[in-house]
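Here is a quick tour of one protein model, with an eye on its aromatic rings. Have the sequence and the 3D view open as you read.

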Amino acid sequence: MTFTLGSRAQTAGYRLAAFDQIGSTNTEALAQARAGERGPMWFVTSEQTAGRGRRNRAWIAPRGNLASSVLEVVDVSPAVAATLGFAAGLAIETALQKVSIEAALRSAGSERMFSLKWPNDVLAGRQKIVGIGLEAEAMAGNRLAVVVGIGTNVVGAPEGTPTPATSLAALGVHIGAEELFAELSDAWVEFRGIWDNGRGFAEIRRQWLDRAAGLGERVAIQNGSATLEGTFDTIDETGCLIVRTADGKRVPIAAGEVYFGAAASVGAA
């Protein structure tokens with residue numbers, strides 16, 4: 001199979017650059033933006049060798065996994081552009097649900113196989129299956145080139161990660177990265193349209209919270225050496241995580257690692 005855009009993505013005018021192997025789809029997308037590419041355009045591979053995750057962690061996609069990045073050039077502020085990550089989470093979660101219908105039917109008692117972890121991960125149970133990373137650079141005319149990188153564990157998952165990881169194959173979902181990408185590209189059109197340069201973030205926020213992992217549960221947020229513990233209350237209109245502390249304060253969190261349940265009780269160890 002080869003990578004192809006879904007029919008909705010093709011109709012919406014997206015283009016595709018597919019690679020047998022590449023260092024980083026995000027790096028390639030940004031390089032193309034600097035060279036004058038204005039998108040919208042997908043960059044995709046089933047083997048990534050030098051990707052970067054959040055906090056500059058290695059983001060490697062062994063052959064068979066899906067590394068994908070979409071380039072959008074938008075006329076919004078960086079703060080608004082950052083909320084596009086929530087639309088990306090909804091898009092890949094929707095694509096995963098669609099390709100995993102049979103496996104979902106086998107997991108009796110579970111309403112959804114996947115959930116969204118703030119700020120930009122997708123979980124299967126409490127294991128990470130997708131990482132999402134955004135990068136942006138200023139362009140001429142006060143526009144912003146935004147690259148949304150979406151890495152999905154299709155056939156394998158890394159070990160020793162802060163959040164334990166899994167793959168579609170480990171869940172009993174045996175599909176190719178190409179099939180998943182076609183669904184993702186179509187779902188992206190839907191949620192990019194709802195987001196509408198930030199004007200539709202209220203609806204994105206509502207749908208994201210419907211799929212949120214740990215909502216109403218105890219969490220610990222670790223940012224450097226500082227740890228804040230409390231209850232995951234909501235996300236606000238800017239995408240910040242709102243933690244309700246033991247004394248009732250509602251604290252907005254713009255960045256940090258989120259740990260649930262037992263991990264929270266040991267200070268996010």
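## Rings, charges and a buried helix

Lys 117 lies over the face of Tyr 259, at 5.9 Å from the ring centre. There's another contact of this kind to look at: the charged end of Arg 126 sits over the ring of Phe 260, 4.5 Å from its centre. Keep in mind that this is a predicted model.

Now for rings meeting rings. Searching the whole structure turns up five aromatic pairs, including these two:

| Pair | Geometry | Centre to centre | Angle between planes |
|---|---|---|---|
| Phe 3 and Phe 181 | edge-to-face | 5.9 Å | 85° |
| Trp 42 and Trp 188 | edge-to-face | 6.1 Å | 80° |

Phe 3 sits in the segment before helix H1 (7-11) and Phe 181 in helix H6, so their pair links parts of the chain 178 residues apart. Trp 42 is in strand S2 (residues 41-45) and Trp 188 in helix H6, so that pair ties together parts 146 residues apart in sequence. Together, Phe 3, Trp 42, Phe 181 and Trp 188 make up one aromatic cluster.

Helix H7 (residues 201-210) has its own buried set: Phe 201, Ile 204, Gln 207, Trp 208 and Leu 209. Their cover includes helix H4 (84-99), strand S6 (114-117), helix H6 (177-195) and strand S11 (226-235).

Zooming out, the protein chain has eight helices and 14 strands, and buried residues make up 51% of its 269 residues.

How values were computed:
Residues are numbered from 1 along each chain as its sequence is written. This is a predicted model: local features need pLDDT of at least 70, side-chain atom pairs count only at pLDDT 80 or more; totals for chains, interfaces and linings use all residues. Side-chain values use heavy atoms; hydrogens and water are left out. Buried means under 20% relative accessible area, exposed over 50%, partly exposed in between (1.4 Å probe, protein chains only). Helices (H or I, at least four residues) and strands (E, at least two) are DSSP runs, numbered from the N terminus. Contact means heavy atoms within 4.5 Å. Rings of Phe, Tyr and Trp (its six-membered ring) pair if their centres lie within 6.5 Å; planes under 30 degrees apart count as stacked, over 60 as edge-to-face and the rest as tilted. A charge sits over a ring if NZ of Lys or CZ of Arg is within 6 Å of the ring centre and within 35 degrees of the ring normal.
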